[in-house]
Amino acid sequence: MGRTRAPRLWSALAAVLAGAPLVVLPLRAVADVWRAPAVVPQELGTRGLATLASPGTRAGEAVATSLAVAAAATLLAVLLGWPAARALRDAPRRRRLVLLGLLGLPLLVPPFAVGSGLAVWFLQLGLADTALGLVAGHLVYVLPYVVLLLAAAFGSEVRKLEEVASTLGAGRTARLRFVTVPAAARPLSVAALLGFLVSWSDYGTSLAVGGGRLMLPLVLLPFVGRDPQVASTIALVFLVPPVVALLALRRVWR
């Protein structure tokens, strides 16, 4: 009983630590006046929401662009990452470590530095200041996470199921549809969710290769130090797609 309760307690503690900083966001978003050392705001209002809805902020455009780029980058990462993850699992141990190191190199460098390097290449390839170039820039960071998570899905259990299906006469398409995808559904959904979140919150690459296209992180950051109320309001909008995705993922798993 104690062994069963301990993981739940640790999970609850982790959830509290992760969610506690977010509790103050709704209150800060409606605090027109909140001066220290007051525990609660002195004046409440909707100035943050009004600023968010104003045409000058262009929040709607930023949300639409960010959603489109994140969805496209995630879809491409899954399509490219699926065969790459299978090949990674089949590779010898030493080669696998080398491939993992090469794949993770972009994660070791600040995104803006990688984005600046990509901008030079995109200028030569004609991808600069294009939506395709922005998606490709995000893909550099999304793909490593997706491949690493998908690689764990193709273990010995999945391979045994595929071999049994092949023995029973199932073709490649049937094995993929009825065996591989259902068996790898959870890792696949987690990889897609993480890939979406990486792209959704990518500031450095969006700034370097975005070509002036308005992304939600680019709208949020200037308000962080200048106007915490507006920043909190935009941050609440920023949380909506990840929360919706998590709820959908939970429903799919059930």
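## Before you start

This is a predicted model, so local features need pLDDT of at least 70 and side-chain atom pairs count only at pLDDT 80 or more, while totals for chains, interfaces and linings use all residues. Residues are numbered from 1 along each chain as its sequence is written, and side-chain values use heavy atoms, with hydrogens and water left out.

## The nonpolar cores

Let's begin inside. A nonpolar core here is a set of buried Ala, Val, Leu, Ile, Met, Phe, Trp, Tyr and Cys residues joined through side-chain atoms within 4.5 Å. Buried means under 20% relative accessible area, exposed means over 50%, and partly exposed is in between (1.4 Å probe, protein chains only). The largest nonpolar core has 30 residues, and A77, W82, V142, V146, L150 and V209 touch the most other members. Two or more residues come from each of α3 (59–90), α5 (111–125), α6 (131–151) and α9 (185–200). Of the elements, α6 gives the most to this core, with 10 residues. As for the labels, helices (H or I, at least four residues) and strands (E, at least two) are DSSP runs, numbered from the N terminus.

V209 is a handy residue to look up. Not counting residues up to four places away in sequence, V209 touches G115, L118, A119, F122, D129, G133 and L134; contact means heavy atoms within 4.5 Å.

## Helix α9 and what covers it

Next up is α9, with 16 residues. From first C-alpha to last, α9 reaches 22 Å, close to the 22 Å expected at 1.5 Å a residue; the expected span is 1.5 Å times one less than the number of residues.

Which residues of α9 are buried? They are L188, S189, A191, L193, G195, F196, V198, S199 and W200. The cover over these buried residues includes α3, α6, α11 (216–226) and α12 (228–253).

## The aromatic cluster

Two aromatic pairs turn up in the structure. To pair, rings of Phe, Tyr and Trp (its six-membered ring) need centres within 6.5 Å; planes under 30 degrees apart count as stacked, over 60 as edge-to-face and the rest as tilted. F196 and W200 are stacked, at 5.9 Å centre to centre with 10° between the planes. These two sit about one helical turn apart, because they are four residues apart in helix α9. F196 is buried at a relative accessible area of 14%, and W200 is buried too, at 2%.

W200 also pairs with F238, this time tilted, at 5.4 Å centre to centre and 45° between the planes. That pair links distant parts of the chain, with W200 in helix α9 and F238 in helix α12, 38 residues apart. F238 counts as buried at 15% relative accessibility. Put together, F196, W200 and F238 make one aromatic cluster.

## Around the cluster

Another ring to look at is F223, where R226 lies over the face at 4.7 Å from the ring centre. A charge sits over a ring if NZ of Lys or CZ of Arg is within 6 Å of the ring centre and within 35 degrees of the ring normal.

T65, found in helix α3, is buried with a relative accessible area of 19%. T65 and W200 are 135 residues apart in sequence, yet their C-alpha atoms are 9.9 Å apart. Leaving aside neighbours within four places in sequence, T65 is in contact with L214 and M215.

Helix α7 (residues 156–167) has 12 residues and reaches 16 Å from its first C-alpha to its last, close to the 16 Å expected. Its buried residues are V158, E162 and A165. Seen down the axis, these fall within an arc of 65°, so they line one face of α7; the arc is that of the directions from the helix axis to the C-beta atoms. They pack against α3 and α8 (172–183). The face turned away from that buried side carries the exposed residues E157, K160, E163 and T167.

After α7 comes G169, whose phi is positive, near 100°. R172 lies in helix α8 and is exposed, at 71% relative accessibility.
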